[in-house]
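Welcome! Please have a look at the sequence and the 3D structure shown here, and then let us walk through them together.

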Amino acid sequence: MNAAVAEAERRQEVREAATAWRDAEAIDDVTLRAIVARYADDRVRFALWLRILAGVATFIGGVALAVLVVLILWANSDPATNSLEFAIVAVISTIATEWMTRSKRRAQGGIEEATAVLAVLFATVAVALQIRGFPINAILLTATAICLAAGWRWGYPLFALAATISGACWLARFPHGRTLWLLGSIANVYIAERAARSERLAPSHRRSARVFLAGALVAGYLAINLWSVDESYVEAVVGDRPTHGWPAWIRLAASVATALAPIVVLAFGVVRKNREARVLGALFLVASLATLRHYRPILPTWLALTLGGAAAWAIALAIKRWLDNAPGRERYGYTTDPLFVPRRSREIAEVAAVTASLGPAPPRTSGGGFQPGGGVSGGGGAAGGP
Amino acid sequence: MNPDVVRAVEALSRDGSLPQAVAPRLRRVAAGALVSVRDELRALLYLGVLVTVAGVGLLVKDNLSRLGPVTIAVAIGAVSAGCLVWTNRQAAPFTWGETKETHLAFDYVLLLGALLVATDLAFIETKFTPLGASWPWHLFFVGVFYAALAFRFDSKTLFSLSLTSLAAWRGVRVWFPVRNWDEAIDDRLFYEALACGIVSVAIGKLLERARRKPHFEPVGTYFGWLLVFGAFVGRSFADASSWPQSLVLLATGALVSWFAFEERRIGLVAMGLAGAAWGTGDLAERAIHSLDLGEKSSIASIVVIAAGVVAILHRANRALEARR
């Protein structure tokens, strides 16, 4: 990453933190202004929604332009020519991204992010068209390498996500893909967790490391989950579902790992104070309980769900009480106090999430009867009507 | 952990730019030595609401014949009443302004209580049909009930759910008027969605002007314009759609963007611009189709419109920076 871009990111981190301190009234306006002046911004940035719209418009416009050029200049040409054309467009997109981020000093502007995505997309297509017979392994490996290179150069976490997915698909295609997933995940967790804390790395690289960490944890859990083993979900990713069953010892190992993995990940998240691991550990716990219920349906579904909901409440309230009753309202570095998180952005997300998931849908004109499940008319998962 | 902020806190503390009373706490938070689990607990409580409501829904469905409708209705009613009584005890005194959060679980107990009441009402309507053929009216009553709770307990979430229920009463889906993105909407749904959207915006503005929960205004405004633009976009897929409708979409988008820009409401600026771009694209597509100019012209029009949107955004951002 360009040193000036990295420095601008570091300054942005400080300004954002200072704004959160001000929102929490930890500092006053004068101090905030002093910090903003000291860590001044030298970049052209867009506000969030303008950034999203600019990114979408640039991406759609860029793809449309590339298609138009193909139709006008290279219609009916062979794959090699098409590959060259996509390579040219990828180079142009790369130059445009570099020009905007370096010369025009753009950051978080949507446009340069979209051209970076277009560069990666067109470069991957160019390479895929160049290789004879479309070998999937080579294409996945190339896509992973290009995403990693783009992520390193421009720092967008989206490339970390794309590299994780394409890299996982590539590993899954080997004879022992599941084992490779597990080993790759362990190695990735080790490296990414350290990278996410590194002083040397730019903030966007640290964010990418957190994406790698989360991806590695998910891949690792999918590799060891008993349900996933029995249904060959990892192998199904590449359409290579084995017809034979797994040996008994592998199923036994997977059963034990399904039970232990959520606890290990949760413990890792708590000890290392890693939010991704804590959240994913909790989700893995839900997934492991669902796996248990899949093999041993001990309770009716409604009771399992209601007890699950009650358990979630009990755990949340118990943790709250335990932390609130501690001296200084904190234990082992954890607290329930809001620590410099802008309230407004959280509120908007909450309102949108609740309305989307629990808002009632209009009644149907035919049929009827009681329909449980989220988001049906009546709110709270109920559809009335004769 | 954020090493850049840690360095900054140390530097600012050294030269006295940061108050000494807060610097150690800021440093601990930046270094990851002090972590808040507040958001995680809230997410857990929200998950609890989702799962419990789903469980109660299945209970009603699977055990109707065994337990009997009256038992189920009374049981759900009792639990929801318990939630609302607890909420009422915990709540801050009523005010037309914004109230402070009194308990971490407050919003979620309120939400659970409100959703269970709605579930109970829907169940009673299904089993005992007190409203008969007018059964969609139960959505109206649910919407009014949500609104009453929203005002009493100062809940934007319930206010949003109230608007959603009232729109559903008129047959309009929240995030998009139709079930699939490329599904066309008929005349009735189109005008219902437009009316719901305009009423939502008007309610928001009214609250702001009357200074009665003025902080609810953004919910009504964003919800309303989302419905209006969603209705126009959904309508553009219909055979019965016409160029004046595309023109109205273009004009509405432009006007919303313009006024939102004056108020520095960036989300609304983006929404209006996106609507205007869609309207322009629809008009261009109609013109290209009627003149039989071919697919290259269609693609070229997309390029031009996208470039136009980017150029407008660039200028808008510059103007915003200049005003700052």
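Which residues touch the most other members of the largest nonpolar core? They are V120(A), F122(A) and V309(B), in a core of 184 residues. A nonpolar core here is a set of buried Ala, Val, Leu, Ile, Met, Phe, Trp, Tyr and Cys residues joined through C-beta atoms within 7 Å. This core draws at least three residues from each of domain 1 (1–35) and domain 2 (36–155) of chain B; the domain bounds come from an automatic or database domain assignment. Taken over C-alpha atoms, the centres of domain 1 and domain 2 of chain B are separated by 43 Å.

A few notes on reading the model: it is predicted, local features need pLDDT of at least 70, side-chain atom pairs count only at pLDDT 80 or more, and totals for chains, interfaces and linings use all residues. Residues are numbered from 1 along each chain as its sequence is written, while chains are lettered from A and ligands numbered from 1 in the order in which they are written.

Back to V120(A): leaving aside residues up to four places away in sequence, V120(A) touches I146(A), C147(A), A150(A) and F159(A). Two residues are in contact if their C-beta atoms, placed from the backbone, lie within 7 Å.

Now for chain A as a whole. Its secondary structure comes to 15 helices and 1 strand, where helices (H or I, at least four residues) and strands (E, at least two) are DSSP runs, numbered from the N terminus. Of the 386 residues in chain A, 42% are buried, that is, they have 20 or more other C-beta atoms within 10 Å of their own.

Among the buried residues of α8(A) are W181(A), L182(A) and V189(A). The buried residues of this helix pack against three helices of chain A, listed here.

| Partner of α8(A) | Residues in chain A |
|---|---|
| α7 | 157–172 |
| α9 | 203–224 |
| α11 | 233–236 |

Finally, how do the chains meet? In all, 90 residues of chain B are in contact with 89 residues of chain A. Helix α3 (residues 38–62) of chain B gives the largest share of the side of chain B that touches chain A, with 21 residues. Strand β1 (residues 334–335) of chain A and strand β1 (residues 35–36) of chain B run parallel and are joined by 2 bridges. There, Y334(A) stands opposite V35(B).

Notes
A residue is buried if 20 or more other C-beta atoms lie within 10 Å of its own, exposed if 12 or fewer, and partly exposed in between; C-beta atoms are placed from the backbone. Two strands pair if DSSP finds at least two bridges between them.
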